[in-house]
Structure formats: C-alpha cells, structure tokens
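Me: Got a model here that I'd like to talk through. Can we start with the sheet and then move to the helices?

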Amino acid sequence: MKRILVAGELNVDLVFRDCQSFPAPGHEVLAEDAQVVPGSSSMICAMGLARLGGKVTFAGRTGADGWGDFCVSALQNAGIDVTAVQRDPALRTGITASFSTHSDRALVTFAGAIGALRADDIEDALLAGADHLHVSSYYLQGALRPDLKALFARARAQGLSTSLDPGFDPEQRWGNEWLGLLAEVDLFLPNDKELAGISGCVSPLDGLRALDNGRTRIVVKLGRYGCATLGHAGDLLESPAFKVSAVDSTGAGDSFDAGFLHAWLCGRPLVDAMRWGNACGALSTRGVGGTARQADAGELEALLESAP
C-alpha cells in the first residue's frame, strides 16, 4: 500500500437535521437531531482512505482549542498519522453549522484556521516519507494556494504522484492559473460545477477537453450520474453511479476521491478506479456527515460485486 500525505484543512461540522424551518430573526426553531461530526474535504478524504486500509499522514493546522482536539482525535481514531498537524494557539479551529429542513439546507461557516496551512509547512522530509500527495479545497486554503504549484513540483521531484480536488470557489472567480498549475498534477478531481467554473465550458466533455494537457488525468464527478473522463479518442468515458438509500450527501465527493485514489494507487485500471470512486461516494451517503458511514474494503467489494 502506498503512503499518502494529505495536506489540507481541518474543521468540525455541527449538523442540525430536520429543522421545522430556517430560523427567522428573533425566532427559535427545533431540530429533530443534532450531531458534531468531522468536517472539511481534506479530512473526509483522508479518513476515507484510511477506512479502505491506506497508510495516511495528515498535514494541517488547527487552533489549540476543543474543536481542534476533536479533529485530531477523529484522525487518530481512524489510524491516521497526525504528527504533521500543527496546533496554533493564535488560531481558532473552523466550524460549519448545517441546518436542514425536509426540502433544503443552509450553511454557516467560520473559517478560522481553515486557510492557515502554508506550503513551507510541508517540508521535504515530510514528502520523503510519502508516495503520494493529495490536496483538497484549493479555494479555501488561502495561505497554501499561492505556492501550491511549487509544492507539487517539489513532490514530483522527490518521486511522489500528486492529486488535487479544487472544491468550490465561494467568490466564483475561479482564476486563470489552472493550465500552469495542472502541469504539476497527476490527477485532477473536480465536480461538474467546479469544472464548468474553471474551464468556462458548460458541458463536461468541453470542460475536459479545454483543460486537457496530455498528462493530467481529469475525472469529473457528476453526482447521481456517476463520473466521467476523456477516453483515448477524446470522447467521454462515463461510469454510472451506484444506487443506495441516501441519508446525507455531505462529503460524497471527498469519499469518491478516496475510493478513486485507493484504486489508482493500487495500480487498478482507470475504469475500475472510476467504479471504486462511485461506490465509495455512494456508500458514504448512508449516514449523517461525511465520515460516519464511509466504506471499508469489504463493503466496497460487496457493492462492486452486486452491481453489473
């Protein structure tokens, strides 16, 4: 099993489920359930990889506070090496509050330490202990973003493969740096909205073609339609989603990343990696939050064998 270094953000999710309505100013509403769960794309992906048996190290920053304790404990309980997680008393750990009714969902986020990780926090000695570097939430990691290309170049120079999930741009500016950045990336894993924003193309096929550099494997996540990538002839190679009884889709794309990366790093064919990603994304929706029901290897194999 390859050694995976995940460099990213850590925060907690406070999930209020089945609220009577969204609270209006000056009013209080009741929720049927409330839970505190691990949040952040990077954390969910790392825990999904560990759940599948991967050897994972996490590099990130939290505040020296109770929420930071919660994040670090969740990683440790998942079997993840946290020696590269920095506890900074000058920071406060990020929090997202999720309020869901029967028809919609609203989110409130305090970013806190989410954007504090820097590229120079990832020292060459840390890279030397890994075979693969994965980064999520490009747009949220403000301190890491300016030097991410150089970090990927350092990783490649040390023989690591690399992957990137951009996440959504809250400002929806998307930027024009992508052709240069992707030159240092082996795997790029956006969803359809992110691909459209970054490429400026409406259709996934046009977006994949616009960003194709002949080297980076780009796989676009299509939610209930599965995923797609460019085939050898420049056409759309699709893999359908798996049907499960979904409870909460939070973090499904990050669990997709874990499943795809697990298969890809094990040397599985591309079509298998796409199916593994779809299966892990689907199975993660069985519980509240992104990590409660992530697939282990046995559950993954059972779903793959049960579907055509």
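This is a predicted model: local features need pLDDT of at least 70, side-chain atom pairs count only at pLDDT 80 or more; totals for chains, interfaces and linings use all residues.

Me: Which residue stands opposite F99 in β6?

Reply: F16 does.

Me: What's the strand order in the open sheet?

Reply: β3-β2-β6-β7, so named across 4 strands, with mixed pairing. β3 (31-39) and β7 (105-110) are the edges. Each has a single partner strand, so one side of each lacks a neighbour in the sheet. From one strand to the next, the twist averages 15 degrees.

Me: And which strands does helix α1 touch?

Reply: α1 (residues 41-51) packs on the sheet against β2 and β3. Its direction makes about 75 degrees with that of β3.

Me: Which α2 residues are buried?

Reply: G68, C71, V72, A74 and L75. Their arc around the axis is only 155 degrees, which puts them on the same side of α2.

Me: What do those buried residues pack against?

Reply: β2, β3, α1, β4 (55-63) and β5 (81-88).

Me: What about the face turned away from the buried side?

Reply: That face of α2 carries G66 and N77, both exposed.

Me: Last one. What follows α2?

Reply: G79, with a positive phi near 85 degrees.

Terms used:
Residues are numbered from 1 along each chain as its sequence is written. Side-chain values use heavy atoms; hydrogens and water are left out. Two strands pair if DSSP finds at least two bridges between them. Helices (H or I, at least four residues) and strands (E, at least two) are DSSP runs, numbered from the N terminus. Axes are lines fitted to C-alpha atoms, for helices over the stretch in contact, and angles run from 0 to 180 degrees between N-to-C directions. Contact means heavy atoms within 4.5 Å. Buried means under 20% relative accessible area, exposed over 50%, partly exposed in between (1.4 Å probe, protein chains only). The arc is that of the directions from the helix axis to the C-beta atoms.
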